Amino acid sequence: QVQLVESGGGLVQAGGSLRLSCAASGRTARSYAMGWFRQVPGKERGFIATISWNGGSTDYADSVKGRFTISRDTAKNTMYLQMNSLKPEDTAVYYCTARRTFGSGYPDYWGQGTQVTVSS
């Protein structure tokens with residue numbers, strides 16, 4: 001089992017920045033790739049970014065490339081999503097995820113979600 005707890009969501013103006021954090025726990029958590037999905041009302045959760053278990057590989061959705069950066073601190077078992085140049089369309093609930101293998105496919109574990117609201 002892997003437990004995930006997000007923090008860092010909130011309200012920001014368009015063009016601003018936010019950093020989300022996700023603390024992972026569980027005996028095997030360190031071996032999992034981690035990532036972020038987001039969901040807006042009426043739509044399915046969509047892939048945003050992922051990072052491999054050792055931080056050596058990353059992948060992003062086209063909609064956030066060049067604006068968002070995913071990273072992880074393996075010693076702290078914590079992952080981050082630095083979001084810059086935020087747009088109103090980035091408004092969503094952001095979910096931290098863990099997956100046994102690196103990739104943008106459906107995760108094995110989900111956090112509870114944190115709201116990000118970008119005002120115009």
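Student: What are the ground rules here?
Tutor: The model is predicted, so local features need pLDDT of at least 70 and side-chain atom pairs count only at pLDDT 80 or more, while totals for chains, interfaces and linings use all residues. Residues are numbered from 1 along each chain as its sequence is written, and side-chain values use heavy atoms, with hydrogens and water left out.

Student: How many disulfides does the count come to?
Tutor: The count is 1 disulfide, taking a disulfide as a pair of cysteine sulfur atoms within 2.5 Å. Cysteine 22 is joined to cysteine 96, S to S 1.9 Å.

Student: Where do cysteine 22 and cysteine 96 lie?
Tutor: Cysteine 22 is in strand β3 (residues 18-25) and cysteine 96 in strand β9, so the pair ties together parts 74 residues apart in sequence. Strands are DSSP runs of E, at least two residues, numbered from the N terminus.

Student: Left-handed or right-handed?
Tutor: The torsion about the S-S bond is about -75°, so the disulfide is left-handed.

Student: New topic. How many cavities of 30 Å³ or more?
Tutor: The structure holds 1. A cavity is a set of points on a 1 Å grid over the protein atoms alone where a 1.4 Å probe fits but cannot get out; lining residues have an atom within 4 Å of a point.

Student: Which strand gives the most to the lining of the largest cavity?
Tutor: β4 does, with 4 residues. β4 (33-39), β5 (46-51) and β9 (92-99) each supply at least two.

Methods
On a 1 Å grid over the protein atoms alone, a cavity is a set of points where a 1.4 Å probe fits but cannot get out, and a pocket is an open set with protein on both sides within 12 Å along at least five of seven lines; lining residues have an atom within 4 Å of a point. Grid points are joined across faces, edges and corners, and a volume is the space filled by probe spheres set on the points.
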